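Colleague: I am new to this structure and would like to go through it with you, asking at each point how a description is reached. Could you place it before us?

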Amino acid sequence: TAATTTTKSAASAAAAVAAPPVRRILSGIQPTGVPHLGNFLGALRQWVQLQDQPAQTVVYSIVDLHALTAHPPVPPATLRDSIHNSARVLLALGINPKKSILFQQSQVPAHTQLQWVLTCVTSVGWLNRMTQWKTKAGSSPADAAPPAALKMGLFAYPVLQAADILIYRATHVPVGEDQHQHLELARDIAKVFNTTYKTNLFPMPQAVSTSAKRIMSLTDPTAKMSKSHANPKSRIDLTDSDSTIAKKVRGAVTDSDPTVTWDPDTRPGVANLLSLYAACRDLDPASLPEGELKGVVGMVNLKKKVAECVVDTVRPVRDEYLRLGGEVGYVKAVLEEGNARARAEADATWEMVMKAVGMK
Ligand code: ATP
């Protein structure tokens with residue numbers, strides 16, 4: 001009847017208003033060591049900003065299963081400490097457990113359950129093309145061994161990463177530039193799953209990028225700054241003291257030209273210092289030699305300026321991290337609550353996956 005039709009269309013109009021587009025944000029960090037300045041400028045700073053938008057679920061994961069791919073393996077006691085300390089750093093830099101689900105990946109079994117299902121629709125050829133696999137495989141000490149000695153976990157890592165994203169049906173993924181290829185793969189995997197099982201279960205996750213591009217190693221500016229790199233002088237940890245930061249910046253590889261120019265191709269060391277300065281101050285690195293750093297001559301002077309601005313960026317995070325050292329119970333409780341909330345979200349998707357595939 002006309003009355004019912006009116007009621008129905010009023011109801012659907014109300015539903016349209018009451019259900020704004022829901023964003024689901026997911027990102028992760030490996031507990032392979034203390035997060036460094038590259039992690040912060042490339043990804044974590046944005047994690048904090050993304051928490052404050054309405055109508056969304058925000059999920060941040062300490063991806064300890066991924067950390068098992070490290071070679072040689074991380075000693076168990078170190079891994080345990082790194083998981084706790086990563087949570088401390090994330091809380092210290094402003095992840096708010098009231099706004100975000102902060103949890104430990106291995107405590108949510110649906111990640112690996114989904115990984116298996118996704119492994120069964122992912123071509124080996126796709127994984128062979130992953131730059132990180134090629135780089136890590138090429139530079140690992142197992143290099144001398146035949147390729148057959150390389151571990152399955154390292155090869156399948158991007159499929160687990162796809163599962164991390166898709167198990168929350170995430171729509172947005174804030175990651176550094178080094179992870180864009182993996183995110184592209186996650187989209188391909190989502191697409192092939194949806195096509196194979198004639199479903200629209202998985203949305204296509206989009207990258208959310210920061211203006212800070214890849215931050216490079218201080219000792220080898222052609223490689224990215226990385227937690228798992230053996231040389232601690234190659235990175236600035238978010239827990240470093242002011243004097244350690246100054247020392248590491250002083251030791252950064254540059255070149256013999258005393259002028260300050262932006263030339264990433266021919267002067268990667270200087271460009272990396274300018275990128276660090278620019279990212280800390282939210283400026284464009286190319287503009288610095290004629291802008292904020294006009295008149296600075298000599299690497300000693302440039303490094304002094306860079307160290308000052310890095311110290312300003314790191315200090316508040318480090319001080320809060322140190323304070324949280326006295327709050328072990330609180331940090332553990334945050335993770336436990338996050339684990340339970342993440343399990344509820346992930347299990348709901350896993351039910352849908354089992355139905356889509358025909359296991360239920
Ligand atoms: P590992 O050395 O153990 O591989 P990592 O330092 O590369 O670790 P991840 O835990 O893999 O860091 O990454 C956490 C986040 O930090 C990701 O979003 C990644 O894109 C970002 N990230 C990592 N390294 C850099 C870097 N050098 N510059 C900018 N962003 C980075």
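Modeller: The axes of helix α5 (residues 110-119) and α8 come within 8 Å and cross at roughly 120 degrees, where axes are lines fitted to C-alpha atoms, for helices over the stretch in contact, and angles run from 0 to 180 degrees between N-to-C directions. Helices here are DSSP runs of H or I with at least four residues, strands are runs of E with at least two, and both are numbered from the N terminus. This is a predicted model, in which local features need pLDDT of at least 70 and side-chain atom pairs count only at pLDDT 80 or more, while totals for chains, interfaces and linings use all residues. Residues are numbered from 1 along each chain as its sequence is written.

Colleague: Why are α5 and α8 called oblique to each other?

Modeller: Angles under 35 degrees count as roughly parallel, over 145 as roughly antiparallel, 65 to 115 as roughly perpendicular and the rest as oblique. The angle of α5 and α8 is roughly 120 degrees, and the two helices are therefore oblique. Their crossing is right-handed, a term used if the near helix is turned clockwise from the far one by less than a right angle, with left-handed for anticlockwise.

Colleague: What makes the contact of α5 with α8?

Modeller: Two residues are in contact if their C-beta atoms, placed from the backbone, lie within 7 Å. On α5 the contact involves His 111, Leu 114, Gln 115, Leu 118 and Thr 119, and on α8 the residues include Ala 156, Val 159, Leu 160 and Asp 164. The residues of this contact divide into eight nonpolar, three polar and one charged, where Ala, Val, Leu, Ile, Met, Phe, Trp, Tyr, Cys and Pro count as nonpolar, Asp, Glu, Lys and Arg as charged, and the others, Gly among them, as polar.

Colleague: Why is α8 called roughly perpendicular to α9?

Modeller: Helix α8 (residues 152-166) packs on helix α9 (residues 180-196) at an angle of about 70 degrees, their axes being 9 Å apart, and that angle makes the pair roughly perpendicular. Among the residues of this contact are Pro 158, Val 159 and Ile 165 of α8, together with Leu 185 and Ile 189 of α9. By class, the contact of α8 with α9 has nine nonpolar, two polar and no charged residues.

Colleague: What is known of the packing of α10 with α12?

Modeller: Helix α10 (residues 242-250) and helix α12 (residues 299-324) have axes 9 Å apart and an angle of about 145 degrees, with a right-handed crossing. Their contact includes Ile 245 and Val 249 of α10, and Val 310 and Val 314 of α12. The class counts for α10 with α12 are eight nonpolar, no polar and four charged.

Colleague: How do you know where the domains lie?

Modeller: The bounds come from an automatic or database domain assignment, which gives domain 1 (23-208 + 328-357) and domain 2 (232-324). The centres of the two domains, taken over C-alpha atoms, are separated by 29 Å. In their contact, 13 residues of domain 1 meet 13 residues of domain 2.

Colleague: Which residues come nearest to the ligand?

Modeller: The ligand has 18 residues around it, of which Thr 32, Gly 38, Gly 42, Gly 176 and Ser 226 come nearest, and a residue is near a molecule or strand if its C-beta atom, placed from the backbone, lies within 6 Å of it. Helix α2 (residues 37-50) gives the largest share of this shell, four residues. By class, the shell has five nonpolar, nine polar and four charged residues.
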